[in-house]
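Please prepare a short briefing on the structure shown below.

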Amino acid sequence: MSDTPNLRQAALDYHAFPKPGKLEIRATKPLANGRDLARAYSPGVAEACLEIQSDPATAARYTSRGNLVAVVTNGTAVLGLGNIGALASKPVMEGKAVLFKKFASIDCFDIEVDEPDPEKLAEIVCALGPTFGAINLEDIKAPDCFTVERICRERMNIPVFHDDQHGTAIVVGAAAKNALHVAGKTFEDIKIVSTGGGAAGIACLNMLLKLGVQRENVWLCDIHGLVYQGRDVDMNPIKSEFAQASDLRTLDDVIDGADLFLGLSGPGVLSPEQVSRMAKRPIIFALANPTPEILPDAVRAVVPDAIMATGRSDFPNQVNNVLCFPFIFRGALDVGATTINDEMQLACIDGIAELARATTSAEAAAAYQGEEMTFGADYLIPKPFDPRLVGVVSSAVAEAAMKTGVATRPIDDLNAYREKLNGSVFKSALLMRPVFHAARQSPRRIVFAEGEDERVLRASQAMLEETTERPILIGRPEVIEMRIAKAGLTIRLGQDVDLVNPENDPRYRDYWESYHTLRARNGVTPDLARAIMRTNTTAIGAVMVHREEADSLICGTFGEFSWHLNYIQQILGTKSLHPVGALSMMILEDGPLFIADTQVHLHPSPEEIAEIAIGAARHVRRFGIEPKIALCSQSQFGNKGEGTGGRLRGALQLLDAGGHDFCYEGEMNIDTALDPELRARILPSNRMEGAANVLIFAHADAASGVRNILKMKGSGLEVGPILMGMGNSAHIVSPSITARGLLNVSAIAGTPVDHYG
């Protein structure tokens, strides 16, 4: 329960407003006219019904079943609340459904069944089989949950997964695997003492056995003490499998020399004194919620090097089922698995564990600001908001399903499948694919002006992993080294990346003399040139590109765009290379939309607008997209004489005279550009088919405003801005850019000019 009245009210308000509950249903097909209705319902729907009748497997093609999970409970064992009943458990089940959607794009119905009898509950669940692609059993008390799962698995030909058991076991398995790695121990040799003989506890022990733990080394205790052979109090066949032939009777009797304590019981079960009697470098998983069996501070007070995990988010190493269930279901659904078997669960463990040992993702770091996420005792498993989980874990599960023969829809290309999964969380991934492919063809040297920025460091790490480009960082080495270590990155200065130290670089004299030569007749004295080359990292990077020591400069993670642009123009501008405009790709739910010019020209002339359109067409094609450019204004095909319409009409005439091979039209309103039917009514003879995908404005305020509205209110993800006209020698990003955004811009910068098209 919430700790304070304020938190309690905030939680209630969260569930009540602006709509009651956490879920709603949305249609995935248009239903705007009689034609749509005839296809969605009678008579068209009969065709889909007949197809499924003749071939049941086509249900995954013609209905939502292949991406639909049921979360089923009777509310008899709700975490932290106990037997609160089916109706009171509904907020928890809705929350579970939201997590499915958020983390794995799986649709989910929560089903709360008022049925305490496990066999009758199983009958109900089995009867729901035609509706769903998989079943997630949740919060059903032990031992009833074992009965329900067994019956459903025997009778249903879809995955049935009791998350309280197997989800917990998988995450515990991943955490234990990495904890043993840190402690230098192996599953085969450790002694485990566990408290809690419920569904989760038993499932965790069974999983640890599958990972190599010896059954004779497992000591299970419950509220009555040690589970031993001959005990008849509160026993069942599942618990009896862990009964020890021993005269010992209590947790205190068996804790000596234990390597791993696994607690799924209640608060205060383990004492600091008992911790002190465990083996060297003990591993303590105190997973009771909301109060663990022992708090981390109490453990560290007696054994400072102990490795701890809890079920709480305010301590390191939270064992959270959300690391597992969305992704194991994603992989199972995508291959049409008939069950979730041991091999799939072990693949899930391996994927989670390996991801924690990799460098931390920038997105996870942004979601958990202030927390250190470097693999070790305090970072054994990834954070739930690490977007790489779906690609790594789901593809491993899918592969295991195919290898074990339970996949009814095998995937031919697992690498393409993994990229598709990544594209579902990294909105830019699929659109950026042709750009990354081109960038890999010719390695280029990318210099980052703000090399001390953590986002730049994370982008550099990703560049090393995903491209052939070589980052160059401008910054103080001691600061960069410190931030690399804090972020848990593996970058090595001088080996993986090159460094320019503004405070002490052997090329300093060469740089200031180059800058002075370029600007001597523009008021720059030798002293000023020296000062700029000590303090202005954008100018330093531009000089490096001028001297051909780098191929492209990326700057702008802080400061004004115009300030950076000034130095780029000074140093890299020529008759043939000059800033044409700033182009931003906004990735929206229904596809990309390009916006220009957001930064370079406040009031572009007709000549500049035409140049912006030509540059935009060239760059849009780099993404494998054929440009359809709309010149946007308040004016509509000549109906207003004032405002920006005149300049856009002038640009249109220049474009017409140039004989260009891309589609353009204007001047027009934004809605006219995006709505072909409206455009056809206003000007039937217009030259554009379909919706425009590039909007060009004759005022930077309008372009920037549209871009920012799409970012903040339209959930648009920006790629760019791309500085057009500079031959790919420099790009100026915005201060709000993410590490993923910097990686995307580096790929754009990493494409040689001759790839522009």
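In this predicted model, 70% of the contacts between residues at least 6 apart in sequence join residues at least 24 apart. The protein chain has 31 helices and 21 strands, and buried residues make up 54% of its 757 residues.

**Overall dimensions**

- The C-alpha trace of the protein chain spans about 95 × 75 × 50 Å along its principal axes.

- Five strands form an open sheet in the order 13-12-11-14-21, and their pairing is parallel.
- Strand 13 (498-500) and strand 21 (730-732) are the edge strands, each pairing on one side only.
- From one strand to the next, the twist averages 20°.
- Within this sheet, strand 11 (residues 445-448) pairs with strand 14 (residues 552-555) in the parallel sense over three bridges, and Ile446 stands opposite Ser552 of strand 14.
- Helix 24 (residues 537-546) lies across strand 11, strand 12 (470-474), strand 13 and strand 14. The helix runs at about 170° to strand 14.

**Helix 31**

- Helix 31 (residues 739-749) is largely enclosed by the rest of the structure, because 11 of its 11 residues are buried.
- The buried residues of helix 31 include Arg740, Asn744 and Ser746, as well as Leu742, Leu743, Val745 and Ile748.

**Cysteines**

- The structure holds zero disulfides.
- A disulfide is a covalent bond between the sulfur atoms of two cysteines.
- For Cys221, the closest cysteine sulfur belongs to Cys204 and is 15 Å away, so the pair is too far apart for a bond.
- Cys221 is buried, with a relative accessible area of 2%.
- Cys555 also counts as buried, at 0% relative accessibility.

**The loop around Gly690**

- Gly690 lies in the loop between helix 29 (676-682) and strand 19 (694-697).
- With a relative accessible area of 28%, Gly690 is partly exposed.
- Apart from neighbours within four places in sequence, Gly690 is in contact with Lys628, Pro676 and Arg679.
- Gly690 and Asp453 are 237 residues apart along the chain, and their C-alpha atoms are separated by 42 Å.

**Cis peptide bonds**

- Gly666 and Glu667 are joined by a cis peptide bond with omega of about -10°; Glu667 is in strand 18 (residues 663-668).
- The peptide bond from Gly720 to Pro721 is also cis, with omega near 5°; Pro721 lies in strand 20 (residues 717-724).

- Ser105 is not a glycine, yet its phi is positive, near 55°. Ser105 is in the loop between helix 5 (90-104) and strand 2 (107-112), and at 36% relative accessibility Ser105 counts as partly exposed.
- Asp234 has a positive phi of about 50° although it is not a glycine. The loop that holds Asp234 runs between strand 7 (225-226) and helix 10 (237-240), and Asp234 is partly exposed, with a relative accessible area of 44%.

Conventions:
Residues numbered from 1 in each chain as written. Predicted model: local features only at pLDDT ≥ 70, side-chain atom pairs only at ≥ 80, totals over all residues. Heavy atoms only, no water. Pairing = 2+ DSSP bridges. Helix = DSSP H or I, 4+ residues; strand = E, 2+ residues; numbered from the N terminus. Axes fitted to C-alpha atoms, helices over the stretch in contact; angles between N-to-C directions. Contact = heavy atoms within 4.5 Å. Disulfide = S-S within 2.5 Å. Buried < 20%, exposed > 50% of the residue type's maximum accessible area, 1.4 Å probe, protein only.
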